[in-house]
Amino acid sequence: MRSNEIVLSVRDYDLDATLDSGQVFRWTRSAGGPPAWTGIVGRHRVRLIRTENGIHAETAMPVENWHWLREFLQSDVDLPAILKTFPDDEPMRKAVAACHGLRVLRQDPWECLASFILSSTKQIVQIRQIVAQLCDCFGEEIPGGPGHPDAARYVRQGSPTSHAFPSARRIASLTEAQLRSCKMGFRAPNLLATARLVADGKFDLERLHHLKYEDALRELVTLPGVGRKIADCVLLFAYGFDSAFPVDVWVERALQQLYFPKRRAGEKRLKQFAATHFGPHAGYAQQYLFHYMRTKAKNNHAKNAKVAREKSQTL
DNA sequence: GTCCAGGACCTAG
DNA sequence: CTAGGTCATGGA
């Protein structure tokens, strides 16, 4: 039965934490009104609202089968069972307590790969800007976007974009200058070269689904602009390899401060620790550490700003 | 103006 | 194996 809305029953699911934890870069929270998230999954434009017993989803165009959304949100995953596999230590307890309901999504491999090629040494806000420009300039218009009769409510909600993520074939057809116009800088040649390999069939993203983690990793890092960290992000966020443990500057800081507070642990030591300490769902643990560190830093900034304001008031 | 950002890659020690 | 420079761009 075709419908343009559905309620997915879920527990322990924090949409805010999940959609704003640096896994995905195209989701926006509506300003004012009930907290709603608008984004694009494949060629579906969808609005999500957390309700008491689940997630209410609404699309502009009627949908026959909602599997794509369950898959993306991983709404059938038993989160408590995963949390039980985390090491029972102080840092993980704090991270879990601070990020209740944080999930790991399951993204389209190409969109995830391309997005993270664009992510290197960029703040998340900037990654969002680059990806938005890339999609608005070169992505296909999605039915139900602004311009479509049913889209009025989405436009009113301030949804930002109406384009699908551009395919590898589309990006492969562009010039480096066109890509650089999206402000991606030195990442442009990497994205272009990788897009060409994928578009030409010289690199098969689908095949990775059938490989073991180590083999899929070895394949991914052969792509230009893809090193260990970005490969692990793609393996975790798009292929569901829960043992992938991406180490960026935030996670490295987390490991350093939380687990080796005394003396600086060598990079080799940290890698060894990360690979063995966090269990079969290490990728989830990593995402909790990452979001925990980021929200803690954000809170500190806000607190410091407040203290500064009060001080300047009293003087 | 300075520092830094979900790095990759190349070179030298 | 580790350290350092380079790449582009803009937020804080």
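Arg 180 is partly exposed in this predicted model, its relative accessible area being 38%. Its salt-bridge partner is Glu 176, with 2.9 Å between the closest N and O atoms. Glu 176 is likewise partly exposed, at a relative accessible area of 30%. Both residues belong to helix H9 (residues 176-180), where they stand 4 residues apart, about one turn of the helix.

A second pair sits within a helix as well. Arg 228 and Asp 232 meet through their side chains in a salt bridge of 2.9 Å, N to O. The two are 4 residues apart in helix H12 (residues 228-237), so about one helical turn separates them. Arg 228 is partly exposed, with a relative accessible area of 43%. Asp 232, in contrast, has a relative accessible area of 1% and is therefore buried, the limit being under 20%. Elsewhere, Asp 88, Glu 90 and Arg 93 are joined into one network by salt bridges that share partners.

The next pair links separate elements. Glu 71 and Arg 106 form a salt bridge whose closest N and O atoms are 3.7 Å apart, which counts because the cut-off is within 4 Å.

By the same cut-off, the model holds 12 salt bridges.

Methods
Residues numbered from 1 in each chain as written. Chains lettered and ligands numbered in written order. Predicted model: local features only at pLDDT ≥ 70, side-chain atom pairs only at ≥ 80, totals over all residues. Heavy atoms only, no water. Buried < 20%, exposed > 50% of the residue type's maximum accessible area, 1.4 Å probe, protein only.
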